[in-house]
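Here is a short note to read alongside the model, written as numbered points. Please keep the sequence and the structure open while you go through them.

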Amino acid sequence: HTGSYLIRQENAESSKGNTITVASGAHDITLQRITIEKTGDEECAFSIENGATVTLTLEGENSLQSGRNRAGLHVAENAVLTIKGKNGRNDDNTLVAKCVDGNTGRNKPTGAAVGGNRYESSCEAIIIESGTVTAIVEGGSTYGAAIGGGEKGNGGTITINGGVVTASCNGNTQGAAIGGGSGGNGGTITI
């Protein structure tokens, strides 16, 4: 299965509950002003599954948020993600990816913002060519990397060739901003 797809929302408010999953194959996907907000522990906004390859083009402002054990933009082991802004532009083609804990009493997110889920061995490859990417793991104690591995996950291969990239883990941070989650190794990072 391969193909090119445009995914857009006519009304971001009414469709925040949808999710996107790429199960296999190689795909060119354009996100056009998408907002997905999931808060359940095992809910994932956008998942690229084992063996799939995605070139993700950002058009306009996009936001992906997943629950505490899942990456905001999940890149499984043996999956490859390349991110770029439409026409190579950074300023108006953006992605905010978050892993948050919807249970404010617990407040311990364990997935990455972009990369692996909790206890996943590693994400394979994340490449950022252009666009503005903001990756945030947000909570009282954070265990996943902003870009890279979830808790106990390795960073995989992360390459940043361009764009504007902000990676942060807020709170009592256990994971790296870019690299491995708590208990994982950093992987190979090229900037």
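1. Cys44 is buried, at a relative accessible area of 14%, where buried stands for under 20%, exposed for over 50% and partly exposed for what lies in between, using a 1.4 Å probe and protein chains only. From the sulfur of Cys44 to the closest cysteine sulfur, which belongs to Cys99, the distance is 9.3 Å, too far for a bond. Cys99 is also buried, with a relative accessible area of 0%. A search of the whole structure finds zero disulfides, a disulfide being a pair of cysteine sulfur atoms within 2.5 Å.

2. Before going further, please note that this is a predicted model, in which local features need pLDDT of at least 70 and side-chain atom pairs count only at pLDDT 80 or more, while totals for chains, interfaces and linings use all residues. Residues are numbered from 1 along each chain as its sequence is written, and side-chain values use heavy atoms, with hydrogens and water left out.

3. Which residues of the largest nonpolar core touch the most other members? They are Phe46, Leu56, Leu64, Leu73 and Leu81, out of 35 residues in that core; such a core is a set of buried Ala, Val, Leu, Ile, Met, Phe, Trp, Tyr and Cys residues joined through side-chain atoms within 4.5 Å. The largest share of this core, four residues, is supplied by strand S6 (residues 53–66). Strands (E, at least two residues) and helices (H or I, at least four) are DSSP runs, numbered from the N terminus.

4. Leu64 is in contact, meaning heavy atoms within 4.5 Å, with residues that include Phe46, Leu73 and Ala97, when neighbours within four places in sequence are left aside.

5. Strand S9 (residues 93–100) and S12 run parallel and are joined by seven bridges, and two strands count as paired if DSSP finds at least two bridges between them. S12 pairs in the parallel sense with strand S15 (residues 164–173) as well, over nine bridges, and there Glu138 has Asn170 in S15 as its bridge partner. Strand S12 (residues 132–142) is mostly covered, with nine of its eleven residues buried.

6. Not counting residues up to four places away in sequence, Thr82 touches Val54, Thr55, Leu56, Ile127 and Glu129.
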